[in-house]
Amino acid sequence: MPEERTMDIENLVGSIADFNAEKFAQAAEELHYADLANVFEDLDDQGREFFTKNIDTARFSEVLAELPDTLIEETLERFPIAQQREILGQLVDDDRADILQDVSTSAQQRYLALLQPEEMEETRSLMRYHEETAGGRMTTKVARITQNMSVKEALDTLREEQDSAESLARIYVVDERGHLLGKVRLRDLAFSTWDTRVSSIMEEVDITILATADQEEAAQIFSKYDMTLLPVVNEYEYLLGVITHDDVLEILEEESTEDIEKMSGIAGEQSEETYLNTALSTHFKRRFPWLLILAMLAISSGYVMLRFEDVLSSIYLLALYLPMVVAAGGNTGGQAAAMVIRAMSLGELEAGTTRKVLSKEVCLGAMLGSVMGLCIAIVTMFILPLFNPQLPVGVTIASFSLAVSLALALQITSSTLSGALLPIGARAIKLDPAVVAAPAITTLVDISGMLIYFTAARAILHIT
């Protein structure tokens with residue numbers, strides 16, 4: 001229950017504040033390791049020291065895997081060498097590899113030396129892959145049997161491996177050299193006669209992923225095909241490990257956070273620390289670069305206004321509609337960019353679909369622009385006269401409405417096209433679409449909106 005969990009957390013925090021070791025041990029036993037990690041991250045140095053001295057090492061190995069990368073090394077150093085060995089040895093192999101990739105080179109070598117030979121070999125093999133690849137996310141603790149085994153032999157093998165295997169939901173069949181041949185379910189083994197050969201009940205494995213593939217691709221495959229485990233292989237179809245559902249949840253969280261930050265113009269490495277625990281200087285460094293770049297680009301908008309100063313001074317009422325036209329472009333451009341970036345992230349857009357995407361967005365932009373332009377024209381025709389606006393000789397409410405509505409329609413159409421084109425163009429030149437498209441779209445449509453608006457006004461209202 002949420003109330004009980006909240007109470008347990010409060011008890012834990014209270015025990016740390018009172019330095020009550022007995023109460024702390026009881027409260028820590030009741031909490032999930034993810035909650036313990038959250039509490040630990042929010043503690044001051046004195047509180048963390050008490051926490052690490054009074055928690056069981058087996059329990060803390062689970063907590064360590066949930067901590068932000070910036071806390072890993074300093075936290076491990078709080079323990080004596082013997083306890084460091086215990087903590088690292090009790091970690092799941094993929095978590096251990098991820099943790100050691102987050103510490104300094106010197107600390108990495110020290111920690112590796114604490115491991116048993118088998119653990120060290122497993123960890124080094126996983127660390128060959130970047131942490132954002134399928135190989136970096138996989139666990140090698142996978143249940144394996146061979147095709148020439150009987151069901152009895154397979155069950156005997158699995159009985160020995162049940163504690164070490166990450167999951168028995170899928171059991172993979174390999175040959176003597178480790179090449180992936182198929183898979184069986186535990187229930188298939190349980191309900192078959194003991195002398196049945198594994199080769200006669202195994203199923204083909206039709207979906208795998210290369211260890212070098214990006215982690216986002218792994219998450220897409222996992223989600224698309226509703227998988228329980230995703231086998232990870234090398235180019236020779238050798239079974240290296242599997243990606244589990246908890247790994248996929250972490251990948252999706254990281255990728256969505258990364259996309260949101262990039263679309264907001266936040267640069268630099270993604271922080272694993274919570275918002276409140278991230279240093280002010282880190283926030284500043286990640287936000288400042290794009291703000292400065294966009295501020296410099298925004299000067300172009302001011303230059304456009306200077307060039308069309310005569311238009312604005314001739315009919316100052318144009319200033320009333322300028323923010324609306326510019327904002328409409330930013331909104332529609334942002335929508336188009338978000339939809340295209342999302343489709344790219346889900347793997348829905350291939351390289352050959354560019355023309356279809358642009359054609360669809362142009363049609364959609366024209367429809368949106370036409371309807372929006374018509375609505376604004378109607379409002380202008382019937383509402384604006386109530387305020388007795390001052391218009392130059394030769395300029396009527398009807399012609400003014402036409403100029404504004406046409407500019408709005410063109411702005412929305414062009415902005416929708418730009419919003420779709422920017423992420424596609426960014427991907428074509430090997431840049432991250434979210435980085436380029438989202439922060440740039442607002443400045444781009446500001447400039448294009450002013451150009452369209454003042455040009456339409458000058459042409460239709462005959463301003464010289």
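**Overall fold, aromatic pairs and selected residues**

Of the contacts in the chain with a separation of 6 or more, 66% join residues 24 or more positions apart, where contact means heavy atoms within 4.5 Å. The model is predicted, so local features are given only at pLDDT of at least 70 and side-chain atom pairs only at pLDDT 80 or more, while totals for chains, interfaces and linings use all residues. Residues are numbered from 1 along each chain as its sequence is written, and side-chain values use heavy atoms, with hydrogens and water left out.

The chain has 22 helices and six strands; helices (H or I, at least four residues) and strands (E, at least two) are DSSP runs, numbered from the N terminus. Its radius of gyration is 30 Å, whereas a compact globule of 464 residues would have a value near 23 Å. This radius is taken over C-alpha atoms, and the globule rule is 2.2 Å times the number of residues to the power 0.38. Along the principal axes, the C-alpha atoms fill a box of roughly 95 × 60 × 45 Å.

Of the 464 residues, 44% are buried. Buried means under 20% relative accessible area, exposed over 50%, and partly exposed in between, with a 1.4 Å probe and protein chains only. The accessible surface of the chain amounts to about 24700 Å², and carbon and sulfur atoms contribute 58% of that surface. Accessible areas come from the Shrake-Rupley method with a 1.4 Å probe, and for residues only the protein chains shown count as cover. There are 35 positive and 71 negative side chains, and the centres of the two sets lie 6 Å apart. Lys and Arg count as positive and Asp and Glu as negative, whereas His and the chain ends are not counted. The place of a charge is taken as NZ of Lys, CZ of Arg, CG of Asp or CD of Glu.

The structure contains ten aromatic pairs. Rings of Phe, Tyr and Trp (its six-membered ring) pair if their centres lie within 6.5 Å; planes under 30 degrees apart count as stacked, over 60 as edge-to-face and the rest as tilted. The pair of Phe-60 and Phe-79 is tilted, because the ring centres are 5.0 Å apart and the planes stand at 50°. Phe-60 belongs to helix H5 (residues 57-64) and Phe-79 to the loop between helix H6 (69-76) and helix H7 (81-90), so the pair ties together parts that are 19 residues apart in sequence. Phe-60 is buried at 0% relative accessibility, and Phe-79 is buried with a relative accessible area of 4%. A stacked pair is formed by Phe-308 and Phe-454, with 5.4 Å centre to centre and 15° between the planes. This pair links distant parts of the chain, 146 residues apart: Phe-308 is in the loop between helix H17 (280-307) and helix H18 (309-314), and Phe-454 is in helix H22 (residues 433-460). Phe-308 counts as buried at 11% relative accessibility, as does Phe-454 at 0%. Ring pairs also link Phe-19, Phe-24, Phe-40, Phe-50, Phe-51, Phe-60 and Phe-79 into a cluster.

Helix H5, which holds Phe-60, is largely enclosed by the rest of the structure, because six of its eight residues are buried. These are Thr-57, Arg-59, Phe-60, Ser-61, Val-63 and Leu-64. The buried residues of H5 pack against helix H2 (21-30), helix H3 (33-42), helix H4 (45-54), H6, H7 and helix H8 (93-101).

Thr-157, in helix H12 (residues 151-161), is buried with a relative accessible area of 19%. Not counting residues up to four places away in sequence, Thr-157 touches Arg-144 and Met-149. Met-381 lies in helix H20 (residues 354-383) and is partly exposed, at 37% relative accessibility. Leaving aside neighbours within four places in sequence, Met-381 is in contact with Ile-397, Ala-398 and Ser-401. Met-381 and Asp-310 are separated by 71 residues in sequence and by 24 Å in space, C-alpha to C-alpha.

Asn-388 is not a glycine, yet has a positive phi of about 50°. Asn-388 is located in the loop between H20 and helix H21 (397-428) and is exposed, at 59% relative accessibility. His-462, also not a glycine, has a positive phi of about 55°. His-462 is found in the segment after H22 and is exposed, with a relative accessible area of 66%.
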